[in-house]
Amino acid sequence: MPSSPVPGLDRRLFLTSLLGVTAAAAGLSGCADNSAAAEAASDAPLASKVPAGTSLQIASYQNAQQLQFKLAGFRDLPFKVSNWLNIGARPDVINAFRAKSLEVANNAGIPPIQAHYQGFDAKIVAINITRKPNYLFATKPGSDIRKVADFKGKRLAFSQGQAQGVVLLRALKKAGLAYDDVELVPLTSNQFLTALQSGQVDIAPLGNTQAPAYLAQYKSARTITTDVVDLLNLLWAPVSVLNDSAKAAAIAAYIPYWAKGQVWTYEHPDEWNEQFYVGTQNLTPAQAKAVTALANKPLFPPRWDEAIAWEQETADLLAAGGFVKKFDVSELFDHRFESIAAKAVPAEYRR
């Protein structure tokens, strides 16, 4: 395993803090060549019809997916959803995949890279391109930091296996800052707000949906926006699930609903604000409106060339920091599903 390039950041301790003892052990073994143990992925054609009785266990962070489907009128799915799991963070998703309690999840581009590093076989089956930043950098209360260049010498909340971590690394690279110019504090994203509030870190990347409430509570905190994006919003599933022809057919049937649901949300911001952000996330109407004003227009590529190039750049960035072992990310994509999402939406949402 590569030694840590970041002073004071012990890789073994870092992985353990993020993943737990079991997942950390898997990550350590992932430093070796995974190819011999990898499960062969099926290239069998997808079934045109979902077999009767087929079910899926689907991730739905903050129960957003069920609400989205309900509001959009998607009631008769061609398979049974045996469980909607309220999980979204990469460690939780991978652990649920391993436990066979989850079969398809919605994440950013980095979790499949991290799963590969841990030796867990999973594939990307659908992609939504995000062109505008979903994250910004928030300061601790009372901070005088105003730009990314000011991050030098500061303590930065860093989640290696989540989108927020890659956004931070990309921002540092763009600002010309090396890893040893800052102190990366290993945390998971659900710890970021507490770390900011307590002053454990000077900076943390927050989602656009989190920032309004944080700034309302801490008037002396501020946010720093950049043009750094996390390009990929994707669906992925374990290879063991995709090798089940009935499950694969159900996932192929789910993808159009997933894509159309995102289009519906984008086209109905007022209703989504009222029902989700105000109704379930306790934002004020003004805060909800500010969040949706930053929302990305859904874009579903008929081909995944750009996504693969982006994923490779992300993996290489992590490898350069010693966080993962360098590999060819093309193996993370199941091209049997490549055009399904794009075909399900109007032309203006294809890219």
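Gln62 is partly exposed, with a relative accessible area of 29%, where partly exposed covers the range between buried, under 20% relative accessible area, and exposed, over 50% (1.4 Å probe, protein chains only). The model is a predicted one, in which local features need pLDDT of at least 70 and side-chain atom pairs count only at pLDDT 80 or more, while totals for chains, interfaces and linings use all residues. Residues are numbered from 1 along each chain as its sequence is written, and side-chain values use heavy atoms, with hydrogens and water left out.

Gln62 belongs to the loop between β1 (55-59) and α2; helices (H or I, at least four residues) and strands (E, at least two) are DSSP runs, numbered from the N terminus. Although Gln62 is not a glycine, its phi is positive, at about 60 degrees. Asn63, found in the loop between β1 and α2, is likewise a residue other than glycine with a positive phi, near 60 degrees, and its relative accessible area of 39% makes Asn63 partly exposed.

From this loop the reader can turn to the aromatic rings. A pair of aromatic rings is described by the distance of the centres and the angle of the planes. Rings of Phe, Tyr and Trp (its six-membered ring) pair if their centres lie within 6.5 Å, and planes under 30 degrees apart count as stacked, over 60 as edge-to-face and the rest as tilted. By this rule the count comes to 17 aromatic pairs. One of them joins Phe69 and Trp84 edge-to-face, at 6.0 Å centre to centre with 90 degrees between the planes. This pair links distant parts of the chain, since Phe69 lies in helix α2 (residues 64-72) and Trp84 in strand β2 (residues 80-85), 15 residues apart. Phe69 counts as buried because its relative accessibility is 3%, whereas Trp84, at 23%, counts as partly exposed.

The rings of Phe74 and Tyr257 have centres 5.5 Å apart and planes at 75 degrees, so this pair is also edge-to-face. Here, too, distant parts of the chain are linked, with Phe74 in the loop between α2 and β2 and Tyr257 in helix α9 (residues 245-267), 183 residues apart. Phe74 counts as buried at 19% relative accessibility, and Tyr257 counts as partly exposed at 22%. Ring pairs link Phe69, Phe74, Phe79, Trp84, Tyr254 and Tyr257 into a cluster.

Rings also meet charged side chains. The charged end of Arg170 sits over the ring of Trp310, 3.8 Å from its centre, a term that requires NZ of Lys or CZ of Arg within 6 Å of the ring centre and within 35 degrees of the ring normal. Lys297 lies over the face of Tyr349, at 5.3 Å from the ring centre.
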